[in-house]
Amino acid sequence: MCQKAESQAGGSEAGDHVSDGEEMEYETRLRILRSSMAFVHQHGWTVDTLAAGAEVEGLPGVAHGLFPRGGVELIYHFYTDCNKQLAMQLAERVAREKESEQTNTPGKSKITPFIRDAVEARLRMIIPYIDRWPQAMGILALPPNAPQALKNLGDLTDEIWYYTGDTSTDFNWYTKRATLGVVYKTTEVFMMQDKSDDYQNTWDFLDRRMGDITRVGKLVRNGQEMTSVLGEACKGFTIIGRNILGANSGAK
Amino acid sequence: MALQVTKRICLRCSIWHILVRNYSQREKAEQTKALLDKIIRIDHAGEFGAKRIYQGQLAVLGNTPSGPVIQQMQDEEQKHLLEFERLMHQHRARPTVLMPLWDIAGFALGAGSALLGKEGAMACTVAVESVIGEHYNDQIRELMEDNPEQHKELLKTLKEFRDDELHHHDTGLEHDAEKAPFYKALTEVIKAGCKGAIWISEKI
C-alpha cells in the first residue's frame, strides 16, 4: 500500500522513469517481432527468425533473448495481430451495415453468414504464412504453450461473437464461443492440407460446419420443447390415474 | 520528511525498479480491465443468485403474509441484475462458468430456508445480504484504490446497490430473522457458503 502511495506521490519522476524503461522494452520487442515476420519462410518460427529480425532493426542478433520462450512468442504476436486486424474489419462491417440498414428493412437473421465470413477472413490472414503454419500449430499444441494458445482462440471467438451483437449473459456465452472455436480449429486443420484453387474446398468445409451448428441448435431447441411437452403429458396421466382411483373426488 | 528522503535515495538506486510496480500506461490499462471484468462478473453472479434465492423463498412462502415483502426484495434484485447485464455488455466482461450451478443452488437455498418457516427465510436473507454488503464495500475500496475518477459511475452504482442490500438485511432483521431455529449456526453456514461462492466465481 505504502509503495503505491510513494509511486503515486513521486509519479512524475519515478513513474516516468520506470514506465519509460518498460515502454522502451515493449516497443523494442514489437519492432523485432514485426521485422521477424519477413524471415518466417526461411527459418520458421524459431529464435533464428527473431535474431534475423533483430539484426534488421539494427540490434545484435542476441536480442532474441528479449523473448525467453523463443519462437512461440512470434506465433503469439502474429496470432494476436491477426485478431486485432479482424476486430477492425468486423467493426467496419458492422458500421457499414448499420448505415445501410437505416435505408433497408432488416431481413432475417444475418448472424450465420456474418460468422462464416469472419472465420473466412481470419483464416485468409494465415495464407501468406501457410507453408510454415503447420509448424506453428504444432508448437502451439505443446503443453507449455497450450494455455496461451487456448486463450488466443478464446479471444478470437469472443471478438467474432461480440460483433454479431451477442448479448448472452449466461452459460450460452460459453457454448457459443466453444462451438465457434471448434469450427475455426477444424477448418484451420482442413486448410493445411487443402490444395484446391483459392482454398475453395476449405470454404465449402466451413459452410458444412456452419450448417452443422444450425442443425444442432434446432435439435437442442426441439429437444427442450419435447421435454416440456412430455412433462405436461406426465402431469396429465397423473391426474387421470388419480381420477380413476377416486383420489380427486373428495367424496368419502 | 523521512518518506521524502527515502524516496530520493531509492530513486537513485536500482532497488526502486524492483520495489515499484510497473505503472506504464498500457499495463495499468490491462490491470484495470481485469479488475472491472472480475467485479462485474462476480456482481452479476451475486445478483442472479440473490434473485434465485428470493424466487425459491416465494415458491414456499408466496401465499403467506411475508410474500409481498419477499416479492419486493426480489424485484429490487431483478433491477440490480439488469443493470449488471448492461454493464457486462458495456465492458465486455464475461459471465461466470457456474451460472447453471448458481441457478439451482440459489433456488434450493431459498426454498430450503423458507421450509424452516418465515423466520428461516428471513435469517437466510440476513446472512446473504450481510456478506453481499461487505463484498460491495471491498469492491468499492478496490475501485477507489485503482482510479476513483475513471470509475465514478460504477462507484455510484455500487454504493447505491450496497445501500439497497443493507436495507434488505435490515428488513430481514425486522421480520423476526433472529427467531429462526438455530439462527447463529444457520447464518454462519450460509455466510460461509456465500463467501466460498464469491471466491470461486471471481476466479472462473
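Contact here means heavy atoms within 4.5 Å. The model shown in these views is predicted.

**View 1. The annotated binding site of chain B brings together E77(B), E129(B), E165(B) and H168(B).** The "binding site" label for these residues comes from an unreviewed UniProt entry. The four positions are spread over 92 residues of sequence, yet they cluster in space, with a largest C-alpha distance of 11.1 Å.

**View 2. E165(B) lies in helix α7 of chain B, which covers residues 152–174.** With a relative accessible area of 0%, E165(B) is buried, because buried means under 20% relative accessible area. Apart from neighbours within four places in sequence, E165(B) is in contact with E47(B), E77(B), H80(B), E129(B), I132(B) and Y136(B).

**View 3. H168(B) is placed in helix α7 of chain B.** H168(B) has a relative accessibility of 1% and therefore counts as buried. Once neighbours within four places in sequence are set aside, the contacts of H168(B) are Y54(B), M73(B), E76(B), E77(B), T125(B) and E129(B).

**View 4. Q57(B) belongs to helix α3 of chain B, residues 25–61.** The relative accessibility of Q57(B) is 0%, so this residue counts as buried. Leaving out neighbours within four places in sequence, Q57(B) is in contact with G62(B), I70(B), G110(B), A111(B), S113(B), A114(B), A121(B), C124(B) and T125(B).

**View 5. W45(A), F78(A), Y79(A), Y129(A) and W133(A) form one aromatic cluster.** Over all chains, the count of aromatic pairs comes to 11. In the pair of W45(A) and F78(A), the ring centres are 5.8 Å apart and the planes stand at 40°, so the pair is tilted. W45(A) sits in the loop between α3 (40–43) and α4 (47–56) of chain A, while F78(A) sits in helix α5 (residues 72–101) of chain A, so the pair ties together parts 33 residues apart in sequence. W45(A) and F78(A) are both buried.

**View 6. Arginine side chains sit over the rings of Y79(A) and W173(A).** The charged end of R122(A) is 4.8 Å from the centre of the Y79(A) ring. Y79(A) is also a member of the aromatic cluster that includes W45(A) and F78(A). For R177(A), the charged end lies over the ring of W173(A), 4.1 Å from the ring centre.

**View 7. Helix α1 of chain A, residues 2–9, has the lowest mean pLDDT among the elements of that chain, at 44.** The highest mean, 95, belongs to helix α8 of chain A, residues 146–163. Residues 1–16 of chain A have a pLDDT below 50, and this stretch makes 19 contacts in the model beyond near neighbours in sequence. Chain A averages a pLDDT of 86, and 87% of the residues score at least 70.

**View 8. Chain A contains 10 helices and zero strands.** Of its 252 residues, 36% count as buried. Chain A exposes about 14,800 Å², of which carbon and sulfur atoms supply 59%. Among contacts in chain A with a separation of 6 or more, 69% come from residues 24 or more positions apart.

Conventions:
Residues are numbered from 1 along each chain as its sequence is written. Chains are lettered from A and ligands numbered from 1 in the order in which they are written. This is a predicted model: local features need pLDDT of at least 70, side-chain atom pairs count only at pLDDT 80 or more; totals for chains, interfaces and linings use all residues. Side-chain values use heavy atoms; hydrogens and water are left out. UniProt positions are given in the numbering used here, feature names are shortened, and annotations may be inferred rather than shown by experiment. Helices (H or I, at least four residues) and strands (E, at least two) are DSSP runs, numbered from the N terminus. Buried means under 20% relative accessible area, exposed over 50%, partly exposed in between (1.4 Å probe, protein chains only). Accessible areas come from the Shrake-Rupley method with a 1.4 Å probe; for residues, only the protein chains shown count as cover. Rings of Phe, Tyr and Trp (its six-membered ring) pair if their centres lie within 6.5 Å; planes under 30 degrees apart count as stacked, over 60 as edge-to-face and the rest as tilted. A charge sits over a ring if NZ of Lys or CZ of Arg is within 6 Å of the ring centre and within 35 degrees of the ring normal. pLDDT is the predictor's confidence in each residue, from 0 to 100.
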